[in-house]
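Please open the model in your viewer and keep the selection panel at hand. The stops below follow one another in order.

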Amino acid sequence: MADTVHVIGAGLAGSECALQLAKRGISVVLHEERPSTTTPAHKTAECAELVCSNSLKSEKRATAAGALKRELKLMGSELLKIAEDTRVPAGNALAVDRELFSKAVTDAIRAQSNIELIRGEVTSLEEYLDNNTYVIVATGPLTSPSLLKDLQSRLNEEEASLLHFYDAAAPIVEAASLGFNQIFAQSRYELAGKGTKDVEGDYLNCPLNQEQYIALVEELCAAKTVIKKEFERKELFQACQPIEEIARTGIDSLRFGPLKPVGLVDPRTGKRPYAALQLRAENEARTAYNLVGFQTNLTFAEQKRIFSRIPGLEEASFMRYGVMHRNSFFDAPRLFDPTFALRDNPRLRFAGQIAGTEGYVEAIASGLYTAVNTFAAIQGLQSFLMPSTSLWGALISYATNPSTKNYQPMHVNFGLLPPLDPPIRNRRERYDAYADRAFRRVDSTVASRDDIFAFSHITSSINSRKNYSMDELLGDS
């Protein structure tokens, strides 16, 4: 039996992975390069720092993101519980105070006696990959060049196995600097300032008329960028396209994308604006706001100049400018088995975005999934495989299927799921049926594996499953 598991990287995947292993009685050494070594996107030394948005996406059950969260509840995710404890208002989405969230994760790791947190860059796995050690690489898409080189040397077809894409983050502005005389609070499809019992103007909206919108598009298309078109458009991650690249695809692209005004009514005019930028709270005190969908590759000076022309942002103080960076990941279908273990060396395992999955909640799921399968391997138990009818199981099937060609990172989505029998034409009813099927299958699959999810053979006081009723999971939060 392995005495210690080394988890490299304390991001979302690595932190969830370490906590899951530790509560199962496994000794973990969690390696984190920050603060001695940092990345182009990270700003702190805390674990599980969110470097892009502070939103973990929708909680609605008829969305893929919402369904995945329910699957994680059934599997006892630690980080999802922390996210719920540090949430900020965001309509039907689960958004967190990013500072409180990462601090809470760091505190949970420090409080776990089975985890030793070591600061410092790992440049080689040589000293850890012995016959009695499992290593889980969860270093994310900004893995250091030296470790990437070491990893490539251990993989077949090393050059072809390392891929990349470009990702971008949006700016954050100080709330006190906003022009509230031009901004209105409203979540989509809710009355401004009233809303429902669950939603009450969680977003701020900066309305633009046609003239202002066209001027903004023209400015974005002509603006100076940081990365001088080293990338091809196919290398841009579709879910995080820079705002200026969307603008270049057509004059109305932003109005049907990040600046869509649907579901909004400007209380000053009683009408829907021509276009609207939404701002989402970054923290519980609402002293900072994220420009939703405005991830960008513009220079800082250009961001200040152009975004300050949006109504309500004329005097905006930018607490963080948007950035774009190149993300690296491995060709999962070629390299990894369905548990994210390296086919040629199952003691070397991967979790998170370095394995090619994409998204915050997906990274958490990846860390949990890799942890329970590493625990199973250590204990000599059968691997835990998610049903293909679940959201996470469907993404795993896509990510580790050797027949998958031209592999690109992907969020969970209903399009990956096996079809319903009989088929359902109505989209909302179809998504509801997908979610119902997923929850029931995950619930029965987890319940059948008490050796992994109850682990009473370690201590009767530990149980990873939180007590969620099926009615609660099937209901719409």
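Begin by selecting strand β11 (residues 203-208) and β12, which run antiparallel and are joined by six bridges. Two strands count as paired here if DSSP finds at least two bridges between them; strands (E, at least two residues) and helices (H or I, at least four) are DSSP runs numbered from the N terminus. Within this pairing, Tyr-203 has Arg-280 in β12 as its bridge partner.

The model is a predicted one, in which local features need pLDDT of at least 70, side-chain atom pairs count only at pLDDT 80 or more, and totals for chains, interfaces and linings use all residues. Residues are numbered from 1 along each chain as its sequence is written, and side-chain values use heavy atoms, with hydrogens and water left out.

β12 and β13 form a hairpin with six residues between them, and Arg-286 in the turn has a positive phi of about 55°.

How many of its seven residues are buried? Seven of the seven are, where buried means under 20% relative accessible area with a 1.4 Å probe, protein chains only. Ala-275, Leu-277, Leu-279 and Ala-281 point one way from the strand, while Ala-276, Gln-278 and Arg-280 point the other way.

A charge sits over a ring if NZ of Lys or CZ of Arg is within 6 Å of the ring centre and within 35 degrees of the ring normal. Arg-255 places its charged end over the ring of Tyr-274, 3.9 Å from the centre; Arg-24 lies over the face of Phe-375, at 5.9 Å from the ring centre.

Rings of Phe, Tyr and Trp (its six-membered ring) pair if their centres lie within 6.5 Å; planes under 30 degrees apart count as stacked, over 60 as edge-to-face and the rest as tilted. Select Phe-336 and Phe-340, an edge-to-face pair at 6.4 Å centre to centre with 65° between the planes. Both Phe-336 and Phe-340 are buried.

Finally, select Phe-414 and Tyr-434, a stacked pair at 5.6 Å centre to centre with 15° between the planes. This pair links distant parts of the chain, 20 residues apart: Phe-414 is in the loop between α12 (391-400) and α13 (427-447), and Tyr-434 is in helix α13.

Conventions
Buried means under 20% relative accessible area, exposed over 50%, partly exposed in between (1.4 Å probe, protein chains only).
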